[in-house]
Amino acid sequence: MTTSLPRVLIIAGSDSGGGAGIQADVKTTLALGADGCPAITALTIQNTLGVTGVWEVPAPALIAEIDAVLAGGVAAAKTGMLHSADVIRTVAARLDPVLGSGLDLVVDPVMVAKGGHRLLRADAVDALKALMLPRAAIVTPNLPEAEVLTGLTVTDPASMVEAGRSLIAQGARAALIKGGHMEGPVLVDMLVTPAPEGGLRVLRFESARIDSRHTHGTGCTTASAIAAGLARGRPMAEAVAVARSYVRQAMLAAPGLGRGHGPLRHDWNRVVASS
């Protein structure tokens with residue numbers, strides 16, 4: 001693994017609450033040894049109680065952001081909130097030259113905020129499926145997102161694997177189906193990848209569920225942590241395992257901010273190292 005600070009292009013929305021979106025992405029990548037370089041797709045007005053507004057960044061500004069980051073060289077890329085079909089088309093077109101040279105792209109199919117506000121327009125789902133999944137080194141949906149992307153009912157580990165199979169059939173090279181929406185004391189995530197000999201390789205990750213309302217930004221943080229790992233040369237399974245561990249510790253160390261879904265403690269590992 002490299003000891004330098006590789007750069008990660010992060011294409012996502014800005015969260016005025018600081019717990020998710022670009023803000024969580026940059027905190028996460030830096031904590032895990034990468035430099036998160038943002039290209040903002042939209043401004044969201046939100047806090048721990050929910051989202052009250054969304055303003056999409058004009059296409060010329062988004063293009064200029066992406067091109068400016070790419071001009072400096074990047075080791076991986078991650079997409080989060082893309083909001084509309086126009087944004088998705090713009091992002092896909094700007095990424096194609098670097099994806100063709102082998103750059104890994106982590107696609108977090110952000111659809112709905114924790115408080116229920118839609119962050120991806122309903123008419124943009126088809127564009128996300130057609131344009132982002134075939135470009136993804138890994139896609140990281142939660143259960144509701146996996147259902148939208150596959151048309152399947154996803155409620156247990158077996159159906160999570162089937163959702164992963166569907167996402168790979170749609171072009172993604174790997175799928176991490178996150179089980180946080182399932183009930184029970186054990187949290188199960190399933191990493192599905194094609195097996196070299198044919199069929200699927202499935203890795204099951206389990207951890208005790210954390211009973212906490214401070215879960216704002218867990219999806220963004222997970223995807224960015226994976227992107228940081230890939231940028232630093234980790235194999236996919238290792239990048240996912242490190243990301244899950246990092247998010248778990250960040251939840252346990254949550255500072256307890258806000259009256260709703262509070263943010264994680266993204267610098268928990270730096271605090272531990274200095275104590």
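The model is predicted, so local features need pLDDT of at least 70 and side-chain atom pairs count only at pLDDT 80 or more, while totals for chains, interfaces and linings use all residues. Residues are numbered from 1 along each chain as its sequence is written, and side-chain values use heavy atoms, with hydrogens and water left out.

**Stop 1: the largest core**

Select Leu9, Ile11, Val91 and Met132. In the largest nonpolar core, which has 45 residues, these four touch the most other members. A nonpolar core here is a set of buried Ala, Val, Leu, Ile, Met, Phe, Trp, Tyr and Cys residues joined through side-chain atoms within 4.5 Å. Buried means under 20% relative accessible area, exposed means over 50%, and partly exposed lies in between (1.4 Å probe, protein chains only).

Helices (H or I, at least four residues) and strands (E, at least two) are DSSP runs, numbered from the N terminus.

Centre the view on Val91. Leaving aside neighbours within four places in sequence, Val91 is in contact with Ile11, Leu62, Ile66, Thr79, Leu82 and Met132. Contact means heavy atoms within 4.5 Å.

A second, separate core has 33 residues, including Ala174, Ala231, Val240 and Trp268. In soluble globular proteins, nonpolar side chains tend to be buried together.

**Stop 2**

Axes are lines fitted to C-alpha atoms, for helices over the stretch in contact, and angles run from 0 to 180 degrees between N-to-C directions. The cut-offs are under 35 degrees for roughly parallel, over 145 for roughly antiparallel and 65 to 115 for roughly perpendicular, with the rest oblique.

A crossing is left-handed if the near helix is turned anticlockwise from the far one by less than a right angle, and right-handed if clockwise.

Show side chains for Ala59, Leu62, Ile63, Ile66, Asp67 and Leu70 of H2, and for Val87, Thr90, Val91, Arg94 and Val98 of H3; these make the contact. They divide into eight nonpolar, one polar and two charged residues. For these classes, Ala, Val, Leu, Ile, Met, Phe, Trp, Tyr, Cys and Pro count as nonpolar, Asp, Glu, Lys and Arg as charged, and the others, Gly among them, as polar.

**Stop 3**

Select His83, in the loop between strand S4 (76–79) and H3. His83 has a positive phi of about 75° although it is not a glycine. Most residues other than glycine have a negative phi. His83 is buried, with a relative accessible area of 9%.

Next comes Glu56 in strand S3, residues 50–56. At 30% relative accessibility, Glu56 counts as partly exposed. Beyond four places in sequence, Glu56 is in contact with Thr41, Ala42, His83, Ser84, Val87 and Arg121.

**Stop 2: H1 against H7**

Select helix H1 (residues 21–31) and helix H7 (residues 218–231), whose axes come within 8 Å and cross at roughly 40°. H1 and H7 are therefore oblique to each other, and H1 passes H7 in a right-handed crossing. Gly21, Ala24, Asp25, Thr28 and Thr29 of H1 meet Cys220, Thr221, Ser224, Ala225 and Ala228 of H7 in the contact. By class, this contact has four nonpolar, five polar and one charged residues.

Leaving aside neighbours within four places in sequence, Thr29 is in contact with Val8, Ile10, Ala34, Asp35, Gly36, Ser224 and Ala228.

**Stop 3: H5 and H6**

Move to helix H5 (residues 143–150) and helix H6 (residues 157–169), which pack at an angle of about 45° with their axes 10 Å apart. That makes H5 oblique to H6. H5 passes H6 in a left-handed crossing. The contact is formed by Leu143, Ala146, Leu149 and Thr150 of H5 with Met160, Ala163, Ser166 and Leu167 of H6. These residues divide into six nonpolar, two polar and no charged.

**Last stop: Gly258**

Finish at Gly258, in the loop between helix H8 (236–252) and helix H9 (268–274). Gly258 is partly exposed, with a relative accessible area of 38%. Not counting residues up to four places away in sequence, Gly258 touches Thr48 and Arg213.
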